[in-house]
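Please view the sequence and the model side by side while reading the points below.

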Amino acid sequence: RAKYLTKITDINKMYIDKILKEGDIVVDATMGNGYDTKYLAEKVGSSGFVYSFDIQEEAISSTKKRLLESNLENRVKLILDGHENMGQYVDEEVSCVLFNLGYLPGFKHMVVTKPQTTIKAIEASLKILKPHGIVSIAIYTGHPGGEDEKNSVYDFVSTLDQKEFNVLESSFLNQINNPPRLILIEKKKIY
Ligand code: SAM
């Protein structure tokens with residue numbers, strides 16, 4: 001069992017923990033069962049706010065329950081709509097947008113994120129991101145369509161102007177069975 005180089009989602013949190021502050025406004029672009037929404041809500045504190053998106057009703061009810069259990073429901077807005085439409089709901093600058101792509105194991109329907117809407121949502125995220133804010137994208141390729149989505153995301157983020165953004169990739173190079181990958185995008189301060 002690894003101590004430091006653990007799951008990609010834990011590696012992600014090492015970065016995100018560094019940048020999130022009390023009072024921040026953030027987005028969970030893929031709510032699912034709400035683990036990340038809850039994590040973000042705890043991090044931004046009672047003066048912060050989380051917008052959380054999913055297209056499955058079950059995600060909303062599962063996440064609502066989780067937040068109620070922890071008294072975090074007042075600082076989160078759960079939105080039943082695609083993350084590609086996030087610009088319609090969020091008009092403030094945000095310090096972080098989290099994407100956890102793919103599907104949610106254990107759900108009735110196999111609803112997966114799709115290249116076209118994922119790219120639109122990443123574009124929308126970059127627009128509402130404040131300087132030094134981070135967009136974080138965890139990518140899985142083991143399911144049908146996953147490899148295509150990964151390629152679309154890589155093609156898109158690789159073309160971002162380095163004067164405006166830093167784009168970092170992390171992945172476990174020696175893992176078998178389609179290890180997940182993590183992309184982090186920081187918006188640079190524009191003078
Ligand atoms: N972060 C979640 C958690 O903590 O449980 C897991 C997310 S799961 C890997 C991916 C989620 O993205 C699924 O719940 C799926 O319904 C959702 N999804 C798929 N397409 C979407 C879209 N266009 N907009 C928002 N969510 C979408």
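A nonpolar core is a set of buried Ala, Val, Leu, Ile, Met, Phe, Trp, Tyr and Cys residues joined through C-beta atoms within 7 Å. A residue is buried if 20 or more other C-beta atoms lie within 10 Å of its own, exposed if 12 or fewer, and partly exposed in between, with C-beta atoms placed from the backbone. The model is predicted: local features need pLDDT of at least 70, side-chain atom pairs count only at pLDDT 80 or more, and totals for chains, interfaces and linings use all residues. Residues are numbered from 1 along each chain as its sequence is written.

**Nonpolar core**

- The largest nonpolar core comprises 42 residues, and those with the most contacts inside it are Val27, Ala29, Val50, Val94, Cys96, Val97 and Ile137.
- Strand β5 gives the most to this core, with six residues; helices (H or I, at least four residues) and strands (E, at least two) are DSSP runs, numbered from the N terminus.
- Not counting residues up to four places away in sequence, alanine 29 touches Phe53, His83, Met86, Val97, Leu98, Phe99, Ala121 and Ser125; two residues are in contact if their C-beta atoms, placed from the backbone, lie within 7 Å.

**Helix α1**

- The twelve residues of helix α1 (residues 8-19) should span 16 Å at 1.5 Å a residue, and its end C-alpha atoms are 17 Å apart, which agrees; the expected span is 1.5 Å times one less than the number of residues.
- Ile8, Asn12 and Ile16 are buried in α1.
- Seen down the axis of α1, its buried residues fall within an arc of 65°, so they line one face of the helix; the arc is that of the directions from the helix axis to the C-beta atoms.
- The buried residues of α1 pack against β4 (94-100), β5 (129-139), β6 (165-171) and β7 (181-187).
- Exposed residues Asp10, Met14, Asp17 and Lys18 are carried on the face of α1 turned away from its buried side.

**Helix α4**

- Helix α4 (residues 115-128) has 14 residues and reaches 20 Å from its first C-alpha to its last, close to the 20 Å expected at 1.5 Å a residue.
- The buried residues in α4 are Thr118, Ala121, Ile122, Ala124, Ser125 and Ile128.
- These residues cover an arc of only 165° around the axis, which puts them on the same side of α4.
- Their cover includes β1 (25-28), β4, β5 and α5 (146-158).
- The face of α4 turned away from its buried side carries the exposed residues Gln116, Glu123 and Lys127.

**Ligand shell**

- The ligand is surrounded by 20 residues, of which the closest are Thr30, Gly32, Asn33, Tyr35 and Gly82; a residue is near a molecule if its C-beta atom, placed from the backbone, lies within 6 Å of it.
- By class, the shell has six nonpolar, eleven polar and three charged residues; Ala, Val, Leu, Ile, Met, Phe, Trp, Tyr, Cys and Pro count as nonpolar, Asp, Glu, Lys and Arg as charged, and the others, Gly among them, as polar.
- At least two residues of the shell come from each of α2 (35-44) and β2 (49-54).

**Loop residues**

- Methionine 31 is found in the loop between β1 and α2 and counts as buried, with 29 C-beta neighbours inside 10 Å.
- Beyond its neighbours within four places in sequence, methionine 31 is in contact with Thr37, Ser52, Phe53, Asp54, Ala59, Thr63 and Leu78.
- Asparagine 177, in the loop between β6 and β7, has a positive phi of about 60° although it is not a glycine.
- With 6 C-beta neighbours inside 10 Å, asparagine 177 counts as exposed.
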